Each structure stands twice: as structure tokens, then as C-alpha cells.
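Have a look at the model alongside them.

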Amino acid sequence: MASDGVPPIIAAQLNYLLSHFPLSVKIEHLWSGSKFSTGVIDRFTIVIPYCLDFIKWDFIYNSESPISAPDVIFGAEDENFLSFLARNDGVEGNANSAKKCLSDWNGKDPTRLMVLLQQLRDQYMNYQRKRVDEVDDDRLKFEVSTIAFREGIEMHLSSGAEKPEEVKFAVPLTEMNIDKMVHGCPWRHSPKIYLQVIYPVGRKYVSASSAPRLKLLSTSDLKSIFSIEDFKLPPWLDGMCMAEYLPHLEESLEKQILEAVSLIDVRRRFIESLAPLFGRPLEADPIFCRKATFLAGSGAFTFLVHFSISTQFPKQQPGLMLQSSQHMNSHGVPAKSPLITEYPWSPRWETSVMAEKIFEFLVDEALNFKRYCNEAQLQH
């Protein structure tokens, strides 16, 4: 991040945090606490992922003594977290406690802010787990008891005057090491997939309770090969609990992800089938095979054909966009067609037949596109 106005010692800690924290944190709302040097930034809000949502904490340094440890202000909805820390942080002499981190603060060490944030977040997980354990709800107590063995589960109890109490779970699903299944995959880490489970808080256990609210989420890398939005969650049967539901979900998800990985080769064969007709692609996505661009011509008119191939290929046909090599719009940008998704297609065809049908379609479409470009140019 840009460090204009941030004292070098604080900037070094911020940059280390942003580069090395295991989760994607963000810095927002930087401001100055100095009455005399308002251009010196020594306070900021850190946005921290938690339970598939975010928490925001303010970190207050002192520009006159940037080497000193910061104060931390937690959100208004977590007013009891500070008293929880006072009672529980480091009670067993834990050398990795937030208290010890602050008391042994070394401002010249750029790792200090990251370490402090990690320790505070770990304690926040314990704090939320304690709040959930104290909820007077038999069903929730049972659910927690059945999934206590699973690692990495995060919980959050939300409540307020204008909304009913509810408990949110973020459940990490089976680690499949998808990055190792894809040759040449550029991801630094394998994508993570989570099930979000939200229970309303009640007071009476009912064996055939209604299903909680469920939503599947993932880190953004996964969309290159698999669309979480297109995945249909298995039904939650009457009387089912999370411990029963999760194995069915993970089995179904694993099958579909393995299929999605296998479809990379199907997309690759399709792109290769275009080459005998269009020539060698000017550009192509060599890893996930989601995009390709070819040079085409109709008489003296030359244009590019951009192929956009979805993860649902071949069920869903590629989107085509034509780009003129000879026509510019009023802003000096090459003229392009709208995205074309209506043309002869069958997912049952061989990839060579798909390529031939697209080529035949573009023979006529090139004339329409040329006319479109000429008319657009006349209007300008």
C-alpha cells in the first residue's frame, strides 16, 4: 500500500501485514490523530475476514511515538470482547497471547502488527464460540456437539434490537488440493469452499426442526473452473443435523469438482479444433482454456473473433465477440459486436463439428458485422 503520510515504522508493519497475513485483510479509513501534524497518518481501520463476513477494528498508533504499541478499538457490537480478553487471554501463561505481544512490543519489528492481529482474531473465535455455547437453545447445543471434531469451523452470534438472534456457522469443506489437479495452475493456495449455515435462536428442541439457511461460498480462484452458484445443494431432510448433512454435501461437491477439472481438457480440444479452420490462435488461455482469440477475414475485411468459454461448456455454448481490425469508434477504440450466443449448437456434437458450425455461421455474420461497422463509422 502507498505509505504517504504514514511514519516509516508503522508503514513497514502495515505492508508486512498485507503481504503475509494468511487471510485477505484490507486497510480503510486512514486518518491522523495529531492536532499539529494532520498530514501524519497514525490511525486506520483493518477489515478482517471472519465467519464469511468481516469485522472492523481500529488501530490507534501515536505519530509522536510510532515505536509504541497501538491501542485497539473493537466494534460496538463486540463491546464485551475486551472484558473477555481481560479474563481469558494468556490465563494459562500462553506465550502467544495478545497481552504478551503488547507488553513485549518491538516497534522496529515489522511482523508485530500481523502477529497481534492473528492473536486477537484467534481470541475472537474463542469469544464467539463461548457466546454460542451460552445460548439457551437445545437444537444449537446439539448441533455444536455433533461437529465439535471438525477443524476450522467459525461461529458468530448476532443479535440486535431490530433483528432476531441467530447463529452463523462457517464450515470449511473437504480440502481437495484442486491446484494440484490442474497442470500449470498459478494459484498460490488451493481454493477454499465453505458452507454457511444460519440458525435462528429458539428455546425449545424440536426433532423435526426446519432446515437452517444454507449457502455455499468459495474463494474467488475457484470460479476459473467451477461455478459455486451453479451447484445445487442437496436437500436438508426433516430431523437432519449438520453432522449428517455434511458428508452428503462433500461427496456431491467432490464429484462435480472432479468433473469440472476433466472439462478443462474438453475445452482445450475445442480450441484445438478451431485451429484448422481459423489458424493458430493469437491468444489462448493455456491453463483453464476459458478464452481464445483468432484472426479471421472476409475478403479484404479482417477482424478478431474472441471466444469466451464458460465452465458449463459444452452444455453452454461459447460466447463470441467480433472486433474489427479496420474500424474505430469516436473514442479511437476498435469497433466490437455485441456478445453473440445464438448460433447453431449442440453439446452432443464432436468438437470438430462445433468448430465447423461456428465457422459456417461466421461466414454470414462477418458480412453483417462489416455492415454494422461501416454504418457506425458513418454516424460519427
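1. Ground rules. This is a predicted model, where local features need pLDDT of at least 70 and side-chain atom pairs count only at pLDDT 80 or more, while totals for chains, interfaces and linings use all residues. Numbering runs from 1 along each chain as its sequence is written, and side-chain values use heavy atoms, with hydrogens and water left out.

2. Length of H1. Helices (H or I, at least four residues) and strands (E, at least two) are DSSP runs, numbered from the N terminus.

3. Buried side of H1. Ile 10, Ala 11, Gln 13, Leu 14 and Leu 17 are buried (under 20% relative accessible area, 1.4 Å probe, protein chains only). Down the H1 axis they fall within an arc of 160° (directions from axis to C-beta atoms), so they line one face of the helix. Their cover includes strand E1 (26–31), strand E2 (43–50) and helix H4 (112–133), with contact meaning heavy atoms within 4.5 Å.

4. H1 against H4. The axes (lines fitted to C-alpha atoms over the stretch in contact, angles 0 to 180 degrees between N-to-C directions) come within 7 Å and cross at roughly 55°. Among the H1 residues meeting H4 are Leu 14 and Leu 17.

5. H2 against H4. The axes of H2 (residues 81–88) and H4 come within 10 Å and cross at roughly 100°, which makes H2 roughly perpendicular to H4. Phe 81, Phe 84, Leu 85 and Asn 88 are the H2 side of this contact.

Methods: Buried means under 20% relative accessible area, exposed over 50%, partly exposed in between (1.4 Å probe, protein chains only). Angles under 35 degrees count as roughly parallel, over 145 as roughly antiparallel, 65 to 115 as roughly perpendicular and the rest as oblique.
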